[in-house]
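Here is a short report on one protein model.

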Amino acid sequence: MTKITVTVGETQLQATLDDTPAGRDFAAMLPLELRLSDYHGIEKVADLPRKLDTTDAPARYAAKAGDITLYAPWGNMAIFYKPFEAASGLVRLGAFDGPIDALLQDGAFPARFALAD
């Protein structure tokens with residue numbers, strides 16, 4: 001498992017990526033500056049620069065609040081702040097280690113994803 005930081009404004013959030021092909025591939029892309037925007041009032045989404053390795057990923061996943069995921073059909077990252085039913089093509093990358101209040105702002109905003117020191 002890989003520890004990362006997600007910086008939003010002056011706030012640093014801690015998260016842990018899963019030791020899976022998709023989690024490791026996402027970690028290999030860091031650091032990343034992504035623009036997060038709201039999607040359907042349950043998740044923040046951002047486009048990734050390339051597709052991730054989804055080898056051995058389950059066909060479906062039911063997201064929990066705080067999960068960092070990949071929606072494989074579109075190739076974008078989704079951070080859930082509300083739970084979501086099992087969806088085909090949703091792959092868990094990891095999860096935040098604590099509250100994610102800094103992500104719960106309106107409009108689109110930048111966030112920096114980096115490996116933790």
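## Pocket

How much space lies in the largest pocket? The answer is about 210 Å³. The model is a predicted one.

The lining of this largest pocket is made up of 13 residues. Nearest the centre are Tyr-39, Glu-43, Tyr-71, Trp-74 and Phe-84. Sorted by class, the lining has ten nonpolar residues, two polar and one charged. Two strands, β4 (43-47) and β7, each supply at least two lining residues. The largest share comes from β7, with three residues.

## Main core

The largest nonpolar core holds 30 residues. Ile-4, Phe-26, Leu-48, Met-77, Phe-96, Leu-103 and Phe-113 have the most contacts inside it. Elements giving two or more residues to this core are β1 (2-8), β2 (11-17), α1 (21-29), β3 (32-39), β6 (67-71), β7 (76-80), β9 (90-96) and β10 (109-115). The helix α1 gives the largest share, four residues.

## Around Phe-26

What is Phe-26 in contact with, leaving aside its neighbours within four places in sequence? The list is Ile-4, Leu-17, Leu-32, Leu-48, Leu-52, Met-77, Leu-93 and Phe-113.

Another core lies apart from the largest one.

Note on methods:
Residues are numbered from 1 along each chain as its sequence is written. This is a predicted model: local features need pLDDT of at least 70, side-chain atom pairs count only at pLDDT 80 or more; totals for chains, interfaces and linings use all residues. Side-chain values use heavy atoms; hydrogens and water are left out. A nonpolar core is a set of buried Ala, Val, Leu, Ile, Met, Phe, Trp, Tyr and Cys residues joined through side-chain atoms within 4.5 Å. Buried means under 20% relative accessible area, exposed over 50%, partly exposed in between (1.4 Å probe, protein chains only). Contact means heavy atoms within 4.5 Å. On a 1 Å grid over the protein atoms alone, a cavity is a set of points where a 1.4 Å probe fits but cannot get out, and a pocket is an open set with protein on both sides within 12 Å along at least five of seven lines; lining residues have an atom within 4 Å of a point. Grid points are joined across faces, edges and corners, and a volume is the space filled by probe spheres set on the points. Ala, Val, Leu, Ile, Met, Phe, Trp, Tyr, Cys and Pro count as nonpolar, Asp, Glu, Lys and Arg as charged, and the others, Gly among them, as polar.
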